Amino acid sequence: MQPEKFYYDNKIVKQFGIATIVWGIVGMLVGVVIAFQLAYPALSFGIPYTTFGRLRPLHTNAVIFAFVGNAVFAGSYYIFQRVLKTRMFSDTLSKIHLWGWQLIIVVGAISLLLGYTTGKEYAELEWPVDIMITIVWVIFGINMFGTILKRRERHLYVAIWFFIGTWVAVAMLHIVNSFELPFSIFKSYSLYAGVQDALVQWWYGHNAVAFFLTTPFLGLMYYFVPKAAERPVYSYRWSIIHFWALIFIYIWAGPHHLLYTALPEWAQALGTVFSVMLILPSWGGMLNGLFTIRGAWDKVKEDPVLKMFVVALTAYGMATFEGPMLSLKSVNAVSHYTDWTIAHVHVGALGFNGFMIFGMLYWLVPRMWNTTLFSRKMANQHFIIGTIGILVYAVPLYWAGFTQSLMWKKFTDSGQLQYQFIETITSIVPMYILRAIGGTVYLVGALMAVYNLAKTMKKGSFVANEAAEAIPFKLQAMPAVKMHWHSVIERKPVRMLILSLVAVAIGGAIELVPTFMIESNVPSIAAVKPYTPLELQGRDIYVREGCYTCHSQMIRPFRDEEARYGEYSKAGEFVYDHPFQWGSKRTGPDLHREGGKYPDSWHFRHMRDPQEMSPGSLMPTYNWLIENDINIKSTPAKIRAMQTLGVPYPKGFDKIANDDLHRQADSIVAGLQKDKIKVSRDKEIIAIIAYLQRLGTDIKKNQTTSNEVH
Amino acid sequence: MKFTNYLKQIQNVSIYPLISLILFTTIFTIVAIYVFSADKKKMDDQAGIPLQ
């Protein structure tokens, strides 16, 4: 039998690899900036484009979709070709995928800085970008399945399954969570409101972690760890169980982000149970990787690639042990809304994702450039600096999370809250400074990798098309042993695709369907009314400025939270919230019952200069809201969009909405004037004050009409 | 969080979490049976794919 000659496309791997490094540095740099902003709010520079609320989504999107995304594409394009023994299906599709993704990143970054955001974490990109993502993702899918179909290797190696699972799940999550109604060329409202929106969002958010940050990385692990250790994976059997158990369990665990919120209890319980079960496949996978390396333990001492992989897998193990713990209600009661969550995430992001990527690049670049690593010593130093960076990042944040939570919950003997909110912040600022230093140290390590890799590229010569040969699939003899049913599935990638889809879709549906059925069953609280046009404009400014990155709007039913913020939040209060703004982190206090707490003039002064009203505040100034005019041209379209989504504004209200807006603005302006503040009624600050003063007041005003059972 | 009141109005809502658990257990058992009954040589062959 004549083997066929063909060439692996290394160029696409190189391009995605370089994109990984470039965006990685950008994303981490923004991360370091916002970390310092939290300690020194003046670093927001008083201009919209550089404030925390806009940079934080830029940071998360850049590291998740640009750094990690490009790394997954680089790694998977390398792996597909090798384990399927063929060139990629289409070089053109590879190129469209590459440049399409970079375009998405650039457009996404610019739009986030300009304040175009859906206000849903990790899904902030607006509808035109959502469509671009869908198209590029489909192209990636066609290229991937095309390659699988023209392969010369009968079996699909387990790494490929993880990529198939990733592709299917991300497609589903992205589409379901992005249902939104555009009302202008850049802006839209989420189709879902309140509880539904929160549930869909965290089903998405959680599974973005699962299927964008975890499953593709396990795909990378199952290829690069055996390669670097020069031995097969410790147990192939485990890897099969690992795959099915992981995708099946992950998809259910989303509600653990919403414990103690206004989410149905059974859904919360489901989230907890499946989260705890997740330990098993996660640790199975981690051990499988570590045991593979153990066979080459002598090499770990010298080889920076293996060292990086060992720490990456250990970090994976730590994060996947901690995650289920955080899903227990009693732990979550303490950890939620604090920096504990941020620490947890970064053990995974810096440790697992970051180190897997650097290890992979240190392995790939010398091979594709047909040379050896420029400086092994420097890579080993990077390893040490990176590890120190992770520790200096995470330990202070764990401390900050604990401290702040305990302070929040502390009562004096006479039954008063012991600490003002502001005291709980000022006490953790030193931890924020340490964290920012830890992040900087990690970034220095990453820059060393850039230098080292660039030098390696320079010293070698790039092999754009790597020669290989294999016997064509059709000419290979069928194996003599009787076929097992799972082998049949493995050999039929399309069936594999469908089965994975079924697995994740059932999980998704069972979690979501009852919640949608609730909608029609929730007796809406009669006192809860749609936002006035001015409040709606204010709310959109709140979304635009990313206030949700620091403020929650969800009071949990705890004694301390009710004492601090007021009556706990009810599901029925959010029925007109497209999108929901519950938030996930309280760098500032909860705002759900902010309405009526302070006079308008307080808010005016506070937005202009938070430190003036709350000395020691970490909130940046929003003085441009005093200069900017409200975009009243958009009011009718916004009202109509809300009507389409079922918000009961009277018919024809869109035409008179701006009159209503002006009337309300005039009365706020008049009130401010009494307090010696002169401002015209067209300014954005008026809208945001109107919104803040409305928050949570429907229930305060009129307790008797509430249908909610206490 | 007296959501249960609304949930009572959805027929048989408890079936949902139950379906999840049953489904998961079934799949898990089937995969486990397969994995431990699989041919050793075949597993080794497949594990060796990246190293060829």
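Helices H6(A) and H7(A) run roughly antiparallel to each other, a label for angles over 145 degrees, in this predicted model. The axes of H6(A), residues 194-229, and H7(A), residues 236-250, cross at roughly 170 degrees and come within 11 Å. Axes are lines fitted to C-alpha atoms, for helices over the stretch in contact, with angles from 0 to 180 degrees between N-to-C directions. Helices are DSSP runs (H or I, at least four residues) numbered from the N terminus.

On the H6(A) side the contact (heavy atoms within 4.5 Å) includes His206(A), Phe211(A) and Tyr222(A), and on the H7(A) side Ser239(A), Leu246(A) and Tyr250(A). By class, seven nonpolar, six polar and no charged residues take part.

Phe211(A) is also among the residues that touch the most other members of the largest nonpolar core, a set of 186 residues. Such a core joins buried Ala, Val, Leu, Ile, Met, Phe, Trp, Tyr and Cys residues through side-chain atoms within 4.5 Å, where buried means under 20% relative accessible area (1.4 Å probe, protein chains only). H6(A) gives this core its largest share, 22 residues. Another core, of 46 residues, lies apart from it and includes Val528(A) and Ile686(A).

In H21(A), residues 600-608, the buried residues include Trp602(A), Phe604(A) and Met607(A). Among the elements covering the buried residues of H21(A) are H25(A) (653-674) and H26(A) (684-694).

Residues are numbered from 1 along each chain as written, and chains are lettered from A and ligands numbered from 1 in written order. Local features need pLDDT of at least 70 and side-chain atom pairs 80 or more, while totals for chains, interfaces and linings use all residues; side-chain values use heavy atoms, without hydrogens and water.

Methods
Helices (H or I, at least four residues) and strands (E, at least two) are DSSP runs, numbered from the N terminus. Angles under 35 degrees count as roughly parallel, over 145 as roughly antiparallel, 65 to 115 as roughly perpendicular and the rest as oblique. Ala, Val, Leu, Ile, Met, Phe, Trp, Tyr, Cys and Pro count as nonpolar, Asp, Glu, Lys and Arg as charged, and the others, Gly among them, as polar. Buried means under 20% relative accessible area, exposed over 50%, partly exposed in between (1.4 Å probe, protein chains only).
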